[in-house]
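Dear colleague,

Please find it below, followed by an account of what was found in it.

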Amino acid sequence: ATVATTARSALEDLADAGICFEDGVDCDESPFPRTLADEAQSHLQSFASSEPTSNPSQFTCFARMAGRELDVDAEVMRGVTMRDTLKGGGCMWYTSPSKLTLKQCEHRWARSSPCESYDIFLSHTWMTPGVGKYLALSLQSGWFVAICFWALGVALTVTLCILRLLPVSAQMPETLAGRHVVTLPTAPWTILASMIFLILGFLVAPYLPLLGRASDTCFLDVACVCQSDRELTERGVYGLGGFLVRADELRVLWSPPYLTRLWCVFELAAYRPANPTGKISFRPIYMELSVLIGVPTLHLNNLFMVVCVMHFKSMYPLAVFSLISFTCCVHLLRRSQCTRHQLLADLQKFDLGNAACTHAFDRDFVMSAIARWYGSSKAFTKYVRGALREELAPSINRTGLRPGYIAMLCLSGMSVQAQVCVQHWINGSSPELLLRFVLSNVLSYALLWTYCVARLLLHLSSRFAAPWRCDFLVSLTIGLGIWLMNFIGWVIGQAVAQRGAPQTGGWVLLTSVVSFVILRRSWH
């Protein structure tokens, strides 16, 4: 169709939509400001009266208002890999496009490149601090690389200890020897290696090739929409619907302000009409932040245990420190779990009228598109509260079961037990005792038992997430229970290794069955 035909059609549709006239109402009563309505009419009339050109512009905001919100503007389609968005410590996530300098805008635009489709369309709000989104995405995309680095680092450290290139005391201090049924670590090397190589893995992951991992070409507004050229900015912003047509997955980085921003709602509303077979995945950043709270807490506890063995020659400071740290961890987890309940409540109570945006034209652009796709704003509200909520609820409740996250919570304990295995080796323990120790402590305690305790911690943090009158006392009670469960598993693991093969086999069987039942029940 020629530009003139398109413009005349757009004028008719805009009039039906109420931009110039609707049921005989004058433009002064239009939802647009008078100047904006005049600008729209003048802009389209100039197209309607013009002759066709060799390069017609079909993707202006006013042309899209005529029912072309989902047209694909291939000329401005650009993508950026997920890895590129995480490079440099995730600096691309920290500043809203509206606050960038011209040079910063051009730098981010240069990071993207032309593409024909997206593996992931990242939907988020700039009202949420970027550091949380960066950490969440780093964990989502880099956990496997981080675990590989951890395994490499711990294996290297164990080898250096066995070769006596790192000093390791084979005997516990006299004040502790004989008073504890457990063998305590006497060197910090494996726990330090665990911390260092995990962090290094996350930092290096964005710079590594995919190596069999799924393709990660994504749309991120700050990089894929030109912020330094007014025409390209307009075509990019009002062409979001077309970009969604070419996206295999809409990944929502949900945070509490998300459903209050109209452009976020637009992306959510447009995806089903644009891509009926596409995947919508809600990735609330609270779960990744919960894991990132738990992993450092466990590492700090185990590191402080080595400090107590080497310097304090007593375990009483560790008991106090562990109880305090576990309580603080539980309190933070309870606060983060509150957001999960808030997400479900936000979907249940969603009201399109409460979503806000900065410009009046943008609001009418979004509202007219939603009314066209769903029949009315009330119908879309009903869709969010009903069908969409039912579709997303299982994935929201299942977020904490990702195997990579479970493994992350077990790495600290496995590092400590690796250090104790080194001490047994240096002491000249028999191969049978070493095997029993690996099965009862590294496998059963550090992996399976820790998984059960971690699941219990997440369950209690979610179950008692709502604030109480004595809120910190609730966190203290849960923290004490988790600390006792962890300590009991540690003692049993070391005790059965000293007793013999039958006791070790029974402990392995018990932890395997319990962890399997919890995993299966949690998944269903």
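The largest pocket of this predicted model has a lining of 41 residues, and those lying nearest its centre are T233, V237, W263, H359 and D362. The space within this pocket amounts to about 1,400 Å³. Sorted by class, its lining comprises 20 nonpolar, 12 polar and nine charged residues.

Several elements contribute to that lining. At least two residues each come from α2 (34-48), α3 (61-64), β3 (120-123), α9 (230-237), α11 (262-274) and α14 (360-374). Helix α9 provides the largest share, with six residues.

The axes of α6 (residues 130-162) and α16 (residues 403-426) come within 11 Å of each other and cross at roughly 0 degrees. Because angles under 35 degrees count as roughly parallel, α6 is described as roughly parallel to α16. On the α6 side, the contact is made by L139, Q140, W143, I147, W150, V154, V158, C161 and I162. The residues of α16 that take part are G404, Y405, A407, M408, L411, M414, S415, A418, Q419, V422, W425 and I426. By class, this contact has 17 nonpolar and four polar residues, and no charged ones.

Two further features of the backbone concern α6. The helix has a kink of about 70 degrees, centred on G142. Just after α6, R164 adopts a positive phi of about 65 degrees.

Yours sincerely,
A colleague

Definitions and conventions
Residues numbered from 1 in each chain as written. Predicted model: local features only at pLDDT ≥ 70, side-chain atom pairs only at ≥ 80, totals over all residues. Heavy atoms only, no water. 1 Å grid on protein atoms, 1.4 Å probe; cavity = no way out; pocket = protein on both sides within 12 Å on 5 of 7 lines; lining within 4 Å. Points joined across faces, edges and corners; volume = space filled by probe spheres on them. Helix = DSSP H or I, 4+ residues; strand = E, 2+ residues; numbered from the N terminus. Nonpolar A, V, L, I, M, F, W, Y, C, P; charged D, E, K, R; others polar. Axes fitted to C-alpha atoms, helices over the stretch in contact; angles between N-to-C directions. Parallel < 35°, antiparallel > 145°, perpendicular 65-115°, else oblique. Contact = heavy atoms within 4.5 Å. Bend = angle between axes of the 7 residues up to and from the residue.
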